[in-house]
Amino acid sequence: MKNTFLSPINIVLLSLLAIAAPEPSHAQNEINIQSEITVMGRAKPVPISLEGFTGEAAEVLRFDLWVQGFSFVAPDAAQYRISGSGSGSVQGRVIDAISKQTKFSRSYTGATLRKQAHAFADDIVETITGKKGIGQTKIAFKAQSPGGAGEIYIADFDGHNPQAVTRDNSIVAAPAWAPGRALFYTSYEPGNPDIFYHNLSNGERRIVAKFSGLNTSAAISPDGTRMALILSKSGSPDVWVCNVDGSHLKQLTATPVDESSPCWSPDGQWICFATKMGERRVLAKVPAGGGTAQRIPTSGVSNPTEPDWSPDGKWIAFTSQMGGFDICLVPAAGGAATVLVAGEDPSWSPNSRTLVCTRRAGGRYTLSVLDAMTKQVKDIGRISGNDSQPAWAK
Amino acid sequence: MKTTKWIFPLALMLALTLAATGCKHKPGTVTKLPGTRSGMMGESSEGTKPGGSFDPNAGGPVQTGGGQTANAADFENMTMDRAALAAHTLHFAFDSAAIKASEKASLEAVAAALKSDSSAKLLIEGGCDERGTEEYNRSLGERRALAAREALANDGVDPSRIRTISYGKDKPADPGHDEAAWAKNRRAEFILLHPKAGV
């Protein structure tokens with residue numbers, strides 16, 4: 001694992017080489033990472049035209065395709081022409097405007113019109129980009145009333161079909177998905193911030209961490225067996241790891257400063273988190289089984305927090321605070337950070353291209369969906385006074 | 001929301017709590033950070049030792065932190081008196097958990113209240129202004145509460161009588177979005193706890 005990451009020095013070297021000439025002796029994946037650095041946040045949207053869709057089907061298609069890097073133009077300027085109808089049920093066709101070839105033509109039945117439109121959008125995305133679409137994925141988030149109490153919600157990735165997971169009228173925080181339709185989250189319902197496990201299939205829930213002090217920021221390993229979390233029981237907020245039932249607890253950091261927001265590398269080897277070194281906020285990672293923590297450089301931006309490691313392993317998205325708050329990306333090994341848009345607390349989609357994040361507007365929080373490659377972004381509907389801390393189901 | 005399923009984990013936690021209590025340090029002592037974690041979980045030879053730690057101030061002065069946190073079970077059946085120590089709320093600088101020299105009098109008043117009533121305990125609520133991310137602030141608020149706890153321990157208060165809770169920025173004293181509101185929200189509040197009558 002370690003060998004496949006670029007060190008900061010290699011990143012700098014590669015940047016120089018990229019200007020001079022391609023260096024054939026470097027591994028292919030390193031070159032791919034390097035070329036994506038120049039693309040992330042700067043890619044041009046793919047121009048498409050939409051014809052024949054009205055109402056809800058048109059609305060779903062426009063949202064789904066916008067936040068996956070498509071823009072809408074007149075048919076004669078489009079790279080792909082998408083046509084069809086969405087009355088009663090969805091049927092659609094995609095034509096490559098250059099080759100005039102029909103990429104596919106399909107009709108959708110069952111479920112709801114909305115779901116049919118998401119399914120069509122997913123087929124468009126997969127046909128054109130080769131990546132699986134996000135139209136039928138779910139998010140969890142915190143919806144907080146102005147008084148401070150809130151509930152954990154789940155919804156479609158675009159904010160539709162919201163459902164309250166909790167009904168405690170208590171302060172809640174930091175929902176995290178586990179494989180198999182289960183959530184972990186923090187609730188103050190017991191009179192202390194404790195971590196709950198909540199099975200969404202049968203409603204069963206139980207407390208898995210209720211130590212004295214802070215129990216928060218559960219993050220579940222990609223294989224679903226281990227949980228990283230923040231506990232303050234040692235006297236300072238530190239990163240700990242345990243089995244998802246709370247057993248085999250192990251302390252991973254022991255600093256007098258505060259750690260926050262652990263997340264896992266997709267191979268389960270590392271836990272990345274926010275901490276301070278020499279009074280400066282930094283991102284760091286520690287082997288999930290214990291070991292020496294090392295800094296992840298985020299050059300060009302300051303005060304990084306809230307890291308989230310992309311499922312493909314290449315990127316860490318995070319929040320930087322420089323006056324306002326910005327969503328940023330850095331290669332997983334560290335290096336030059338790319339600022340995308342204003343926002344906080346990014347969470348990756350399963351296909352490692354789109355992010356859901358929080359945006360402050362008029363003193364309130366709302367959720368936004370952001371395409372990391374083109375920076376195209378759209379807010380989603382608000383449940384409560386403040387919606388924040390989104391987590392995308394993988 | 002079946003509550004019956006909680007019984008096993010609660011029993012497990014109780015067992016772990018008892019295990020922790022069994023090895024508790026003598027009252028009145030504070031374990032400095034980085035400190036031992038003995039007795040915090042059911043001790044076994046593997047899995048419970050601290051992993052490799054790292055010191056962000058390597059080469060600098062030795063850092064101290066708070067003592068081990070108090071046992072939450074000791075704080076049940078207490079009533080909250082929010083008024084008694086409301087005048088002694090500590091306030092902090094932006095992004096800091098350091099207790100200012102100007103707060104000494106407040107700390108002394110809180111310490112005196114606890115020393116004069118041996119049955120009383122203390123809850124410290126840590127809070128932050130809105131200019132930080134949510135979980136970062138939740139950790140910062142906890143550090144503020146723990147800093148106040150350690151200062152009281154240094155004043156001679158048994159830290160096992162003190163419990164901390166961080167609200168991050170979820171419970172502002174002032175909901176405003178200006179410096180005056182932020183200054184009020186960067187705080188550690190002291191809530192005096194009394195045993196319920198008849199307990």
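Start at the hairpin of β4(A) and β5(A): it has five residues between the strands, and A:K100 takes a positive phi near 65 degrees. Strands here, like helices, are DSSP runs numbered from the N terminus (E, at least two residues, for strands; H or I, at least four, for helices). β4 (residues 91-96) and β5 (residues 102-107) of chain A pair in the antiparallel sense over five bridges, with A:G92 standing opposite A:R106 in β5(A). Two strands count as paired if DSSP finds at least two bridges between them.

A word on what you're looking at: this is a predicted model, where local features need pLDDT of at least 70, side-chain atom pairs count only at pLDDT 80 or more, and totals for chains, interfaces and linings use all residues. Residues are numbered from 1 along each chain as its sequence is written, while chains are lettered from A and ligands numbered from 1 in the order in which they are written.

Now move along to β11 (residues 194-199) of chain A, which has partners in β10(A) and β12(A). With β10 (residues 182-187) it pairs antiparallel over six bridges, and A:S187 stands opposite A:D194. Six residues separate these two in their hairpin, where A:G191 in the turn has a positive phi of about 90 degrees. With β12 (residues 205-209), β11(A) makes four antiparallel bridges, and the turn of that hairpin holds A:G203, with a positive phi of about 80 degrees.

Finally, there's an open sheet of four strands in chain A, ordered β17-β18-β19-β20 with antiparallel pairing. Its edge strands are β17 (260-264) and β20 (294-296), each pairing on one side only. Three bridges join β19 (residues 280-287) to β20(A), and A:K285 has A:Q294 as its bridge partner there.
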